[in-house]
Amino acid sequence: MPGGDANDTEGYSGMSAGRNDPCPCGSGRKYKKCCLPKEEAQAPVSAVAWSRAEKKLLIKSSDEYPVAACLINPNWRDLGLATIAVARRQPNGRLIMGLYLVDVFCLGLKNTFCNADLPVARFEGDFLAKSFPEQAPISIGINHAKEIIFGAIDYAGKLGFDPHPDFELSRHVLGTEEWTRQQDIIFGGPDGKPRYISGPDDDARGIIQKLMSRLGREGFDFEARL
């Protein structure tokens, strides 16, 4: 994900906020060797910490702001992998946003990221372009998004997999309104069993061992995504 200006502080949650994680700007380099030094140089540590605290407060109050966009990749059912972007409009016109990478075949919520006080142009030009590189996203309702995210989390939980830890913060962007089952969403692979498709950042051996211990070798399918 491309880097921001001096007024944008990246990364409290999810996709690549750690010093040794890939940089949120999408360069492929480690965060500590890419955008982190520039961000630290742009403002005193106290100012950066205060900005992050303010943004966290905004994110936790997401329910107070209307949903401006709720988007998903159109081929998510076939892929078994949904990328969901939710944006809420602040009174100043900027956005609170949450991104959710959801494995509906097996692992549930694999990754998530959220931010606040984000310019609309940056959300549309940077985050959406990076999140949906192959197909233009389509709009869905916020309840539909919750059905996919929470349904996948529940399905994966029964297999022993927890949602990404940064969901503790990014879940606020989805809002607190209780969701209902309205769509015909089937979790698991096409044949009714969990289908684990390995990703580049997965602990594939550990995941397969957990599935083996719970389901046996015939209880799940495995596919290596190259």
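What you are looking at is a predicted model, in which local features need pLDDT of at least 70, side-chain atom pairs count only at pLDDT 80 or more, and totals for chains, interfaces and linings use all residues. Residues are numbered from 1 along each chain as its sequence is written, and side-chain values use heavy atoms, with hydrogens and water left out.

Let us start with that pocket. On a 1 Å grid over the protein atoms alone, a pocket is an open set of points where a 1.4 Å probe fits, with protein on both sides within 12 Å along at least five of seven lines; lining residues have an atom within 4 Å of a point. The lining includes Lys60, Asp63, Lys146, Phe150, Arg171, His172 and Trp179. Helices α5 (142-158) and α6 (167-174) are the elements that give two or more residues to this lining; helices (H or I, at least four residues) and strands (E, at least two) are DSSP runs numbered from the N terminus. By class, the lining has two nonpolar, four polar and six charged residues, where Asp, Glu, Lys and Arg count as charged, Ala, Val, Leu, Ile, Met, Phe, Trp, Tyr, Cys and Pro as nonpolar, and the others, Gly among them, as polar.

Now for the aromatic rings. Rings of Phe, Tyr and Trp (its six-membered ring) pair if their centres lie within 6.5 Å; planes under 30 degrees apart count as stacked, over 60 as edge-to-face and the rest as tilted. The count comes to six aromatic pairs. Phe150 and Trp179 are stacked, because their ring centres are 6.1 Å apart and their planes lie at 15°. Phe150 sits in α5 and Trp179 in the loop between α6 and β7, so this pair ties together parts 29 residues apart in sequence. Phe150 is buried at 19% relative accessible area, while Trp179 is partly exposed at 24% (buried means under 20%, exposed over 50%, partly exposed in between; 1.4 Å probe, protein chains only).

Next come the strands. β7 (residues 195-198) and β8 (residues 221-224) pair in the parallel sense over four bridges; pairing requires at least two DSSP bridges. Ser198 has Ala224 in β8 as its bridge partner.
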